Every structure is written in structure tokens, then in C-alpha cells.
Amino acid sequence: MMKKRWMGILLAVATAFSLAACSQSSTQSTTQEQAAGGKTLVVYYSASGHTKAVAEDIAEAAGADLFEIVPEEPYTDADLDWTDDNSRVTREHEDESLREVALTTTEVPDWASYDTALIGYPIWWAIAAWPVDGFVKANDFTGKTVIPFCTSTSSGLGQSGELLAEMAGTGDWQEGMRFRSSASAEDVQEWVNSLGL
């Protein structure tokens, strides 16, 4: 009887040690994965397709996931005619209160799993297209490296990245990159390689 009891105790102790070893191994594996770097996400808003093309090239080059920022009321070609004083973008530019653009969603599935977020947008009047603002304000970038990129036919990145970083209030925002509207996949690949993702 006593022998059976001791055997039971020894078996319980052995099982406990085995479970502890598995747990430690799992923790070490998770830590190693974190040390090697987590996932990368490319977030973008594209008004006329140029930023989307660059974002897709970045995602392919970086092995990253994609998330598109979509306004509830999409911009039409007429809305985007900045030469028309009555167009939507012109009215929004003139009246900042109109720039609160409702989005279909700001929630990224499994957001916490991403270490790096690249955020892309067209340049509107030397700043990031304002549909991006709602996404930036709605998300917590704590612990994430954030790299802005933009597309523009003539304007540079300007202070768009810094302004978004101020708006976010969290995250490690890096210097960004401006791509011409007709950027090639090779240009994008070269930039992504320079990031060391």
C-alpha cells in the first residue's frame, strides 16, 4: 500500500517537472520569436490607386500583411478635383471641421501581433490625406515602429509623418519615404531592403 502511494507521488512530481519544462520551452520559443521580430503590416489609404500599388509592392517585398483604410463615403473623381473650388477635397481643405472622415473600420485583426506598421497615403496640400487621420487617432502604436510613406506627383513627404506622429502620441515613428505616383516595384524593393525589416 505504502509502495503504491510513493509511486503515485513520484509520478505526480515527474509530471509536474515535465509540464514545467514544456512551459519554459514554450516561453523561450515565444521570446525567441519576439527577439527575431514580429509581423509587419502595411496600412494605406489610396484615393486614385497610386498609393495602393506602392503599398502592395511594399507588402510583397517585406512579406507583410495589408490593411486598407476605406472611407464610408468613398471619394469620386469629382470629389478629388482640387482645381474645383466646390469639390469635396477643396471644401475639406478650406474647413478643417470637414476633415473628420468616417471610415468603414479602424480595427486591424490581431493588431497587437505587429511590431512594425508602414502607413501610406497620398499627399494633399503638403500633408497626409486626412482619411488617414481617423485610423491614426483610433489606434495605439505603443511598442511599434511606424514608418510613413506617401505618393505624390510633385510634393515631398514634408512634415506629414511628424504631424501623424503627433496625432498618434504613441509609437516609434521613423523617417518616411516619398514615392512618385508611377514608382516602380524595383524602387520600392530597394527602399524596403534599406529598412532591414
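**Pockets and their linings**

Mentor: H5 gives the second largest pocket four residues, the largest share of its lining. This is a predicted model, where local features need pLDDT of at least 70, side-chain atom pairs count only at pLDDT 80 or more, and totals for chains, interfaces and linings use all residues. Residues are numbered from 1 along each chain as its sequence is written, and side-chain values use heavy atoms, with hydrogens and water left out.

Trainee: Which residues lie nearest the centre of the second largest pocket?
Mentor: Arg99, Trp130, Asp133, Lys137 and Met167, out of 14 lining residues. A pocket is an open set of points on a 1 Å grid over the protein atoms alone, where a 1.4 Å probe fits, with protein on both sides within 12 Å along at least five of seven lines; lining residues have an atom within 4 Å of a point.

Trainee: Which elements give two or more residues to that lining?
Mentor: Strand S4 (127-128), helix H4 (131-138) and helix H5 (160-168). Helices (H or I, at least four residues) and strands (E, at least two) are DSSP runs, numbered from the N terminus.

Trainee: What about the largest pocket, what space lies in it?
Mentor: About 480 Å³. It has 17 lining residues, with Trp82, Pro122, Ile123, Trp124 and Thr153 closest to the centre.

Trainee: How many charged residues in each lining?
Mentor: The largest pocket has no charged ones.

Key: Points joined across faces, edges and corners; volume = space filled by probe spheres on them. Nonpolar A, V, L, I, M, F, W, Y, C, P; charged D, E, K, R; others polar.
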